[in-house]
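Here is a walk through one model, strand by strand and then on to its metal site. Have the sequence and the 3D view open as you read.

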Amino acid sequence: MGSALPASGSAPVVVEIRAFAFDPTEVTIRAGETVRWINHDFAPHTATDDEGNWDTEELEKGGQATIRFDTPGTYPYFCAYHPHMKGVVIVTA
Ligand SMILES: [Cu+2]
């Protein structure tokens with residue numbers, strides 16, 4: 001499950017959103033680390049957990065959001081506006 005609180009520790013792993021895709025599509029972090037999504041498209045995007053447990057909410061061009069993952073697991077996500085946009089966050093112990 002994710003948390004919207006920024007981490008106090010290591011720097012976030014960055015996922016860039018460009019041309020209606022997440023880059024990289026898959027990231028692996030350790031529990032307690034963070035992922036930051038940055039939107040470079042003119043279109044708004046989100047990173048929304050498949051299970052609905054976390055959501056960046058709408059990111060305008062240049063917008064970013066950082067989510068901390070405290071629980072190990074595999075977290076597939078998509079863009080709420082463009083459901084063909086998919087990615088996954090893998091959280092290891
Ligand atoms: Cu989108």
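Arg36 stands opposite Thr66 in β7. That pair belongs to a stretch where β5 and β7 run antiparallel, joined by five bridges. Strands here are DSSP runs (E, at least two residues), numbered from the N terminus, and two of them pair if DSSP finds at least two bridges between them. In general, strands of a sheet pair through backbone hydrogen bonds, either parallel or antiparallel.

A word on the ground rules: this is a predicted model, with local features needing pLDDT of at least 70 and side-chain atom pairs counting only at pLDDT 80 or more, while totals for chains, interfaces and linings use all residues. Residues are numbered from 1 along each chain as its sequence is written, and side-chain values use heavy atoms, leaving out hydrogens and water.

Back to β5: β2 joins it through five bridges as well, but those two run parallel. There, Val13 stands opposite Val35 in β5. β5 is mostly covered, with five of its six residues buried; buried means under 20% relative accessible area, exposed over 50%, and partly exposed in between (1.4 Å probe, protein chains only).

There is also an open sheet of four strands, in the order β4-β9-β8-β6, with mixed pairing. Its edge strands, β4 (26-30) and β6 (48-49), each pair on one side only. β6 pairs with β8 (residues 73-78) in the antiparallel sense over two bridges, and Asp49 stands opposite Tyr77 in β8.

Now for the metal. Which protein atoms hold the copper ion? The donors are His45 (ND1), Cys79 (SG) and His82 (ND1), lying 1.9 to 2.1 Å from it. Along the chain they follow the spacing H-x33-C-x2-H. His45 sits in the loop between β5 and β6 and His82 in the loop between β8 and β9, so the pair ties together parts that are 37 residues apart in sequence. Donors are N, O and S atoms within 2.8 Å of the metal (3.2 Å for Na, K and Ca); water is not among the atoms, so sites may look incomplete.

Leaving aside neighbours within four places in sequence, His82 is in contact (heavy atoms within 4.5 Å) with Phe20, Ala43, Pro44 and His45.

| Residue | Relative accessible area | Class |
|---|---|---|
| His45 | 0% | buried |
| Thr46 | 3% | buried |
| His82 | 17% | buried |

Thr46 lies in the loop between β5 and β6. Its side chain makes a polar contact with the side chain of Thr48 (2.7 Å), and a polar atom of the Thr46 side chain lies 2.8 Å from the backbone nitrogen of Ala80. A polar contact is a pair of N or O atoms within 3.5 Å; within protein, one must be able to donate a hydrogen and the other to accept it, and residues adjacent in sequence count only if both atoms are side-chain atoms.
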